[in-house]
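Please read it with the sequence and the structure open.

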Amino acid sequence: LLVESSDDATRALARQALEIWADPPAMELIVTALGNDIDDSKRADLIALVVHFKDRRAVKPLCQCLAQGKNLPEVMAALHEFGSAPEEFLIPLLTKGDSAAWGNCFELLRDIGTRRCFMALNEIMGKKSTADEQTKKRARETMIFINRRLNTAEAHKAGITTRPTTLPQTA
C-alpha cells in the first residue's frame, strides 16, 4: 500500500502501521523499494520509515538517491541520522561522481565525515582539469571543518579542558 497507493491518506495509514508493526522481511522490502524508480512522495515515506527504525541497510540506497538527485532534502536529513556510516558510500561519489553531487557530499561530510575521506578530498584538490577552483576550495574547507569538529569532539571525549590555572605563590 505504501508504494503502490496513490491516495495520500492510505499511504499515511500504511506508514503508521509499518512504524508500529514492521518486521525484518517488511524492512527488507522497504530498503529495497528505496532504490526503485518510484514517486518522490512515496520515496519520502520510505525514507521516514528507515530513519524511524535506524536501519543501516538503507544507507547505500540513500546515497544512491543523493547521487541521482532524488528527494535531496529528505535524503540529506536521513543521512545525517546515520552518523558516519554514509561516509563509506560518499567517498566513491567524491572520486567517481559528478560535480553536482559533490556539493551535497561536501555538506554531509562536514557534519558526519571522519579522516577516512581525506584521501578523496585531497584527490579533488589535486585535480587539474576536472575540478574547478571553487570545488577545490570547498574540498579544502571540508577537510578543515572535519578536522575542527573531530579535534573538538576528541578533546571533549578525553576530558581535556582549558589550561589549568595556577595559584599565586605566597611567601
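In this predicted model, the side chains of Arg57 and Glu28 meet in a salt bridge, with 2.6 Å from N to O. The pair links distant parts of the chain, 29 residues apart: Arg57 is in the loop between helix 3 and helix 4, and Glu28 is in helix 2. Arg57 counts as partly exposed because its relative accessibility is 38%, and Glu28 counts as partly exposed at 39%.

**Other salt bridges**
- The count of salt bridges comes to 11.
- Glu19 forms a salt bridge with Arg15, and the closest N and O atoms are 3.4 Å apart.
- Both Glu19 and Arg15 lie in helix 1, four residues apart, or about one turn of the helix.
- An α-helix has 3.6 residues a turn, so residues three or four places apart point the same way.
- Glu19 is partly exposed at 25% relative accessibility, and Arg15 is partly exposed at 28%.
- Glu133 forms a salt bridge with Lys136, the closest N and O atoms being 3.7 Å apart.
- Glu133 and Lys136 both belong to helix 9 (residues 133–158) and are three residues apart, about one turn of the helix.
- Glu133 is exposed, with a relative accessible area of 57%, whereas Lys136 is buried, with 10%.

**Arg11 and its surroundings**
- A network of salt bridges links Asp8, Arg11, Arg15, Glu19 and Asp45.
- Arg11 is placed in helix 1 (residues 8–21).
- Arg11 counts as buried because its relative accessibility is 5%, and the cut-off for buried is under 20%.
- The side chain of Arg11 makes a polar contact of 3.1 Å with the side chain of Ser41, and another of 3.1 Å with that of Asp45.
- Beyond its neighbours within four places in sequence, Arg11 is in contact with residues including Leu1, Leu2, Ser5, Ser6 and Lys42.

**Helix 4**
- Val59, Pro61, Leu62, Cys63, Cys65 and Leu66 are buried in helix 4 (residues 59–68).
- The buried residues of helix 4 pack against helix 2, helix 3, helix 5, helix 6 and helix 7.

**Helix 6 against helix 7**
- The axes of helix 6 and helix 7 come within 10 Å and cross at roughly 145 degrees, and the crossing is left-handed.
- Helix 6 contributes Glu87, Leu90, Leu93 and Leu94 to the contact, while helix 7 contributes Trp102, Cys105, Phe106, Leu108, Leu109 and Ile112.
- By class, this contact has nine nonpolar, no polar and one charged residues.

Notes: Residues are numbered from 1 along each chain as its sequence is written. This is a predicted model: local features need pLDDT of at least 70, side-chain atom pairs count only at pLDDT 80 or more; totals for chains, interfaces and linings use all residues. Side-chain values use heavy atoms; hydrogens and water are left out. Helices (H or I, at least four residues) and strands (E, at least two) are DSSP runs, numbered from the N terminus. Buried means under 20% relative accessible area, exposed over 50%, partly exposed in between (1.4 Å probe, protein chains only). A polar contact is a pair of N or O atoms within 3.5 Å; within protein, one must be able to donate a hydrogen and the other to accept it, and residues adjacent in sequence count only if both atoms are side-chain atoms. Contact means heavy atoms within 4.5 Å. Axes are lines fitted to C-alpha atoms, for helices over the stretch in contact, and angles run from 0 to 180 degrees between N-to-C directions. A crossing is left-handed if the near helix is turned anticlockwise from the far one by less than a right angle, and right-handed if clockwise. Ala, Val, Leu, Ile, Met, Phe, Trp, Tyr, Cys and Pro count as nonpolar, Asp, Glu, Lys and Arg as charged, and the others, Gly among them, as polar. A salt bridge is a side-chain nitrogen of Lys or Arg within 4 Å of a carboxyl oxygen of Asp or Glu.
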